[in-house]
Amino acid sequence: MASGLRPEQLPELAAPGAVSGTLSESIAAAIGLKAGTPVIAGAGDGQAMGLGMGVYGSGKSYLSLGSGVVSGNYSGTVTTSDAFRTLVSPTGSGFMLETVLRSGMQLVDWIVRTTGAPSAAVLEKAAKDVAPGSDGLLVMPYWAGVMSPYWDGSARGAIVGLSLAHEPRHLFRAVLEGVALEQAIATEAMEEQTGKADAMIAAGGGTNCALLIEIMASVLERPLFVSPVNEAAALGAAMLAASAIGWFASPEEAAKAMAARPARQVDPVEALVPTYRARKEVYRDLYHATRDIHTRLGAITGTTG
């Protein structure tokens, strides 16, 4: 190996849902659990969240609106692309293709702090009166660099189109629109490999922002089904454990029994779709237009990567 490590120095791999061992008496006493309790191999938080939302095969996709934004589609075969990362499905059958935007709701929090607004709810209420397109503002939400599809740690955020007429409410809406435009392009690239999912299920703190869900549905041009489970990743891990100890025949059966029905459906606002289609075509070029500038700035300031 390039690192100099030998295979015997690496940990043994375990499939999601496999029994890795049991709790020793000393550890069990320290954490308040019963000695001998099985320890089950889990999955990545994004894949576990998808399973917790009932996404374990073709036909559904998940959209996690947390501090970052993660979306996943099932693939029965190994498929690779810069447009997504390829991971083992938490069920042990097939693969999950995931897109990742590092700056999701943490960017919304940043806007609230930076503008000095009392809360996100206050800005959201004000932003509802801003016309779609935020009066000419366009935000590229790469405050923490970009993973898929460019894998560029030097990338940084950009706010394009600022004028003296813009206020915090415009910035807030533009951030929501930027996150949605980024997700739309990512979803398009992923679905070129998997086909369009019949249903996209959303979960995470971002689902509490009604304006974001409305914008997201309109930009993605599909309904979003909102999960009522705030901690879907923990629920997915519980599904793996329930299957491993024999409560269910498989993780899929556990998901069928344990996943909650969506709390609501948010449909696209048809009047917004043409506006966002046009802005998406402009947004596609924003990274390429600013990439070299961010690289050069990073080299000067020592912030590259």
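Leu-63 stands opposite Ala-202 in strand S9. The model is predicted: local features require pLDDT of at least 70, side-chain atom pairs count only at pLDDT 80 or more, and totals for chains, interfaces and linings use all residues. Numbering starts from 1 along each chain as its sequence is written, and side-chain values use heavy atoms, without hydrogens or water.

Strand S9 spans residues 199-203. Helices (H or I, at least four residues) and strands (E, at least two) are DSSP runs numbered from the N terminus. Strand S3 (residues 60-65) runs parallel to S9, joined to it by 5 bridges. Strands count as paired when DSSP finds at least two bridges between them. S9 is also joined to strand S10 (residues 224-226), by 3 bridges and again in parallel. Here Ala-202 faces Val-226. From S9 the chain passes through helix H6 (residues 210-220) to S10, in a right-handed β-α-β crossover. Right-handed means a clockwise path from the first strand over the helix to the second, with the strands pointing away from the viewer.

S9 is mostly covered, with 5 of its 5 residues buried. Buried means under 20% relative accessible area, exposed over 50%, and partly exposed in between (1.4 Å probe, protein chains only). Ala-199, Ile-201 and Ala-203 point one way from the strand. Met-200 and Ala-202 point the other way. Both sets are buried.

The loop between H6 and S10 holds Glu-221. This residue is not a glycine, yet its phi is positive, about 60°. Glu-221 is partly exposed, at 28% relative accessible area. Ser-134 is another non-glycine residue with a positive phi, near 50°. Ser-134 sits in the loop between helix H4 (120-127) and strand S7 (138-140). Its relative accessibility is 0%, so Ser-134 counts as buried. A cis peptide bond joins Ser-148 and Pro-149, with omega about 0°. Pro-149 belongs to the loop between S7 and strand S8 (158-160). Most residues other than glycine have a negative phi, and most peptide bonds are trans.

Helix H2 (residues 45-52) is largely enclosed by the rest of the structure, because 7 of its 8 residues are buried. These are Gly-46, Gln-47, Ala-48, Met-49, Gly-50, Leu-51 and Gly-52. Their cover includes S3, strand S5 (85-88) and strand S6 (95-101). Helices H7 (232-244) and H8 (251-258) are also among the covering elements. Gly-54 follows H2 and has a positive phi, near 85°.

Helix H5 (residues 168-194) contains Gln-183. Gln-183 is buried, with a relative accessible area of 3%. Beyond its neighbours within four places in sequence, Gln-183 is in contact (heavy atoms within 4.5 Å) with Leu-63, Val-69, Ser-71, Thr-99, Met-216 and Leu-220.

The structure holds 11 salt bridges. Each is a side-chain nitrogen of Lys or Arg within 4 Å of a carboxyl oxygen of Asp or Glu. Arg-85 and Glu-98 form one of them, at 2.9 Å from N to O. This pair links distant parts of the chain, with Arg-85 in S5 and Glu-98 in S6, 13 residues apart. Arg-85 is partly exposed, at 26% relative accessible area. Glu-98 is buried, at 0%.

Arg-173 meets Glu-177 at 3.1 Å, N to O. Both lie in H5, 4 residues apart, about one turn of the helix. Arg-173 and Glu-177 are both buried. Glu-188 pairs with Lys-280, with 2.6 Å between the closest N and O atoms. Glu-188 is in H5 and Lys-280 in helix H9 (residues 273-283), so this bridge ties together parts 92 residues apart in sequence. Glu-188 is partly exposed, with a relative accessible area of 29%. Lys-280, at 8% relative accessibility, counts as buried. A network of salt bridges links Glu-188, Lys-280, Glu-281 and Arg-284.
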